[in-house]
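Reader: Can you walk me through the salt bridges here? I'm new to this.
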Protein chains: 2
Amino acid sequence: MTRWFKLTIAYDGREFEGWQRQKTKRTVQYELEKALARLLGKHTTLLASGRTDAGVHALGQVVSFDAETHHSTETIRRALCNYLPDDIAILRVQEMAGQFRSVADSIRKRYRYVLQDGQKRDVFARHYAWHSWRELNVELMREAAQALWGTHDFVAFEGSGSRRVGTVRTIYDLTVERIADPHFRRVHIEVEADGFLYNMVRNIVGTLVDVGCGRRPVTHAATALASKDRIQAGMTAPPQGLYLLWVLCREPGEIEPRMDV
Amino acid sequence: MTRWFKLTIAYDGREFEGWQRQKTKRTVQYELEKALARLLGKHTTLLASGRTDAGVHALGQVVSFDAETHHSTETIRRALCNYLPDDIAILRVQEMAGQFRSVADSIRKRYRYVLQDGQKRDVFARHYAWHSWRELNVELMREAAQALWGTHDFVAFEGSGSRRVGTVRTIYDLTVERIADPHFRRVHIEVEADGFLYNMVRNIVGTLVDVGCGRRPVTHAATALASKDRIQAGMTAPPQGLYLLWVLCREPGEIEPRMDV
């Protein structure tokens with residue numbers, strides 16, 4: 001009998017060429033499928049709620065698969081923990097009461113982008129934040145960001161090479177916060193939406209950083225959005241500052257965990 | 001006229017084969033000397049207060065060099081900041097009033113070792129901490145550590161391959177603290193001494209972790225110390241959890257910074 005599983009996982013994107021399996025490259029999907037094959041004895045394809053690019057991190061990515069197996073969710077969790085390299089962590093394994101596909105069923109996601117600004121540079125942030133020598137004005141960035149809240153055609157913030165048809169999305173939350181850190185200046189930008197176009201968060205961040213540095217006026221994000229022209233928005237922020245925080249899915253309900261059957 | 005300089009630097013040890021220049025490998029000394037040569041127009045040898053091994057980090061390493069140059073300390077700082085890769089940061093450049101060699105003149109140092117324990121593993125700690133699946137008992141580790149305070153022959157904690165003559169050192173402080181972190185269990189061990197034998201901190205940490213896991217009794221550190229036998233102490237903890245925090249030097253006094261001359 002086919003059973004449906006949902007994995008919640010975290011990974012440090014630094015040494016991965018992104019989520020998606022590729023022929024000769026180390027990817028999160030490849031490592032996870034290899035570990036799962038060791039447990040199940042056969043290849044099983046995993047689906048993520050969204051592909052992350054090379055260097056992008058996840059604190060709560062959601063992945064689905066179906067399998068005919070007698071293993072309990074706890075056995076699956078322990079086995080994957082044992083087999084996986086230590087830059088992927090399994091946070092939770094759940095069994096769903098019906099068909100579940102994390103891609104099709106994801107309805108809301110939240111990302112964080114980490115910036116480190118100023119002359120005092122954190123050497124440990126090299127692969128975990130984007131550094132700006134110029135100090136960022138968080139109030140201006142916050143004001144600029146307000147234009148992006150709500151339902152809009154975000155085509156100006158879509159990365160090239162995308163093949164999506166619709167480009168209208170709804171941003172439910174978009175915050176810019178300076179983080180209290182005694183050692184280094186840090187800023188977090190968080191974006192929550194019903195879905196994201198390719199590179200949308202990184203293009204929004206690039207646009208807001210232009211404002212925060214004083215390179216562009218506070219109206220820059222609004223102007224870019226209205227233009228529907230990719231050229232008008234800021235540069236694509238580099239991948240290493242981006243973290244997928246969580247994914248909310250439309251779910252068929254969870255089956256209570258039980259012992260191995 | 002020869003001038004004497006003191007640099008205080010930080011580095012993420014992850015992508016370095018340690019401090020010391022080696023033929024074909026990326027080291028901190030190599031990168032720093034390359035940057036300095038670009039500024040001074042000739043090769044200048046740098047001396048660190050102590051060599052760090054591959055993978056070991058520094059938050060306050062002290063480095064010295066002498067040069068005949070007209071540049072101000074601020075010009076040197078800015079130039080090195082520009083030329084260096086972003087896993088090395090220059091925290092301070094000072095000019096000394098007389099001969100200064102960070103190796104010979106260092107009189108006290110402090111290291112931190114970062115542990116992450118328990119079933120919930122932080123994927124971002126892979127190269128920045130040592131993970132233990134077993135939860136650590138900090139009280140037992142602290143009790144075990146007390147035997148090491150003060151002046152002792154630490155030969156049992158010396159790594160093999162060392163050619164030092166004297167093995168007596170004085171530990172002024174040795175703390176074991178659980179860190180308040182809402183997401184992951186972390187423990188910091190900090191050791192301050194007048195000097196360290198090769199791998200001494202990592203061998204002390206290995207010994208204390210044996211106690212904290214319950215693999216060895218609380219008297220383990222005292223027994224190992226008294227035995228003067230390397231075999232009696234614990235394993236050498238891996239390099240990625242180790243951070244050189246600061247170095248105190250006997251100094252000839254600082255020359256007031258001035259403009260380029």
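Author: A salt bridge is a side-chain nitrogen of Lys or Arg within 4 Å of a carboxyl oxygen of Asp or Glu. This is a predicted model, where local features need pLDDT of at least 70 and side-chain atom pairs count only at pLDDT 80 or more, while totals for chains, interfaces and linings use all residues. Residues are numbered from 1 along each chain as its sequence is written, chains are lettered from A in the order in which they are written, and side-chain values use heavy atoms, without hydrogens and water.

Reader: ok, how many salt bridges are there over all chains?
Author: The structure holds 52. Across the interface of chain B and chain A the rule finds eight.

Reader: what does B:D86 pair with?
Author: B:D86 forms a salt bridge with A:R126, and their closest N and O atoms are 2.5 Å apart. Both belong to a network of salt bridges that also includes B:D87 and B:R26.

Reader: and how far apart are the closest N and O atoms of B:D87 and B:R26?
Author: 2.9 Å, in a salt bridge. B:D87 lies in the loop between α2 (73-83) and β4 of chain B and B:R26 in the loop between β1 and α1 (28-40), so the pair ties together parts 61 residues apart in sequence. (Helices are DSSP runs of H or I, at least four residues, and strands runs of E, at least two, numbered from the N terminus.)

Reader: is B:D87 buried or exposed?
Author: Buried, at 1% relative accessible area. B:R26 is partly exposed, at 25%. Buried means under 20%, exposed over 50%, partly exposed in between, with a 1.4 Å probe and protein chains only.
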